[in-house]
Amino acid sequence: MYHVKEAFYTLQGEGAQAGRASVFCRFSGCNLWSGREKDRSSAQCQFCDTGFVGTDGLNGGRFHDAPALAQHLHALWPDSTHGTPYVVFTGGEPLLQLDNALINALHDSGFEIAVETNGTLPAPEGIDWLCVSPKGLNSLAITTGQELKLVYPQDDAAPEAFADLAFTHFLLQPMDTSFLPDASAQEKAVSQATKYCLNHPQWRLSMQIHKIAGFA
Ligand SMILES: C[S@@+](CC[C@H](N)C(=O)[O-])C[C@H]1O[C@@H](n2cnc3c(N)ncnc32)[C@H](O)[C@@H]1O
Ligand SMILES: Nc1nc2[nH]cc(C(=O)O)c2c(=O)[nH]1
Ligand code: SF4
Ligand SMILES: [Mg+2]
């Protein structure tokens, strides 16, 4: 059984694939936060910008098997004659639920598969684009992939700790603090990330373009 908070068709807003048409599948649940505000200050990840509790979002629900979820996601892709269908599994933490059966079912229906993960859990084989986004002191179970996208700044996770890992792309994403107690940290995060990328050209700036442009 797969628990999906929401699923929708949009443009990837972050990272090296920003701007690409994508079906997003947001799984319910995370291993670093319950998703409840009362637990945020004691969570292992405290800056999350996402709601992932339950299955009540747009196109969300409980799916009994991989073919059922694959069919549900395929129906959200608008045009099977042009371009390669692209699905982004996110959450919550998608590696709590994504398995070989679902990867095979999506590949069978022609999808290229991307994953956004906190990197603390092992990944199944067959993911085409793996984006790891480290969270504080939580140790990484995944140290290779296409993209290392670090939310910046984080007290316990400096870019230097990840710069030698085997990723193709390295991105710094300014922390969105607009919903946190210190909302004014936002502007500072953008200027600090910009400065870091200028001084360390291995790293690229990742702005969250869906928030700037106002889409999901
Ligand atoms: C909501 S997470 C879900 C996937 C996975 N649990 C993870 O943390 O990578 C999706 C992406 O949003 C990023 N993110 C979460 N909160 C953020 C914030 N306040 N500002 C900027 N990026 C954030 C995460 O680092 C991750 O790259
Ligand atoms: N457009 C858009 N791009 C995204 N990239 C990563 C997202 C996420 O929440 O994982 C996200 C999202 O929620 N929306
Ligand atoms: S690990 Fe990802 S989904 Fe979990 S709380 Fe942190 S940002 Fe949110
Ligand atoms: Mg998001």
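1. S133 is buried, since 20 other C-beta atoms lie within 10 Å of its own. A residue counts as buried if 20 or more other C-beta atoms lie within 10 Å, as exposed if 12 or fewer do, and as partly exposed in between, with C-beta atoms placed from the backbone. S133 lies in the loop between strand 6 and strand 7. Not counting residues up to four places away in sequence, S133 touches E116, N118, G119, K149, L150 and V151; contact requires C-beta atoms, placed from the backbone, within 7 Å.

2. The model is predicted: local features need pLDDT of at least 70 and side-chain atom pairs count only at pLDDT 80 or more, whereas totals for chains, interfaces and linings use all residues. Residues are numbered from 1 along each chain as its sequence is written, and chains are lettered from A and ligands numbered from 1 in the order in which they are written.

3. In an unreviewed entry, UniProt gives the annotation "binding site" to F47, C48, D49, G92, S133, P134, K135, Q173, P174, M175 and D176. Such positions are given in the numbering used here, feature names are shortened, and annotations may be inferred rather than shown by experiment. Helices (H or I, at least four residues) and strands (E, at least two) are DSSP runs numbered from the N terminus. G92 is buried because it has 27 C-beta neighbours inside 10 Å. Beyond four places in sequence, the contacts of G92 are K5, R26, F27, S28, G29, C30 and F52.

4. UniProt also lists C30, C45 and C48 under "binding site" (unreviewed entry). These residues are spread over 19 residues of sequence yet cluster in space, with a largest C-alpha distance of 10.6 Å. C30 belongs to the loop between strand 2 (21-27) and strand 3 (61-63), and C45 is likewise in the loop between strand 2 and strand 3. C30 counts as buried because it has 23 C-beta neighbours inside 10 Å, whereas C45, with 19 other C-beta atoms within 10 Å, is partly exposed. Leaving aside neighbours within four places in sequence, C30 is in contact with G35, F52, G91, G92 and E93, and C45 with L32, W33, N118, K135 and G136.

5. Around ligand 2 are T10, L11, Q12, G13, E14, T50, T90, E116, H210 and A216. By class, two are nonpolar, six polar and two charged.

6. Strand 7 (residues 144-152) is largely enclosed by the rest of the structure, because seven of its nine residues are buried. Strand 7 pairs in the parallel sense with strand 6 (residues 129-132) over two bridges, pairing being defined by at least two DSSP bridges. Strand 7 is also joined to strand 8 (residues 166-174), again in parallel, by eight bridges, with L148 opposite F170.

Conventions:
Two residues are in contact if their C-beta atoms, placed from the backbone, lie within 7 Å. A residue is near a molecule or strand if its C-beta atom, placed from the backbone, lies within 6 Å of it. Ala, Val, Leu, Ile, Met, Phe, Trp, Tyr, Cys and Pro count as nonpolar, Asp, Glu, Lys and Arg as charged, and the others, Gly among them, as polar.
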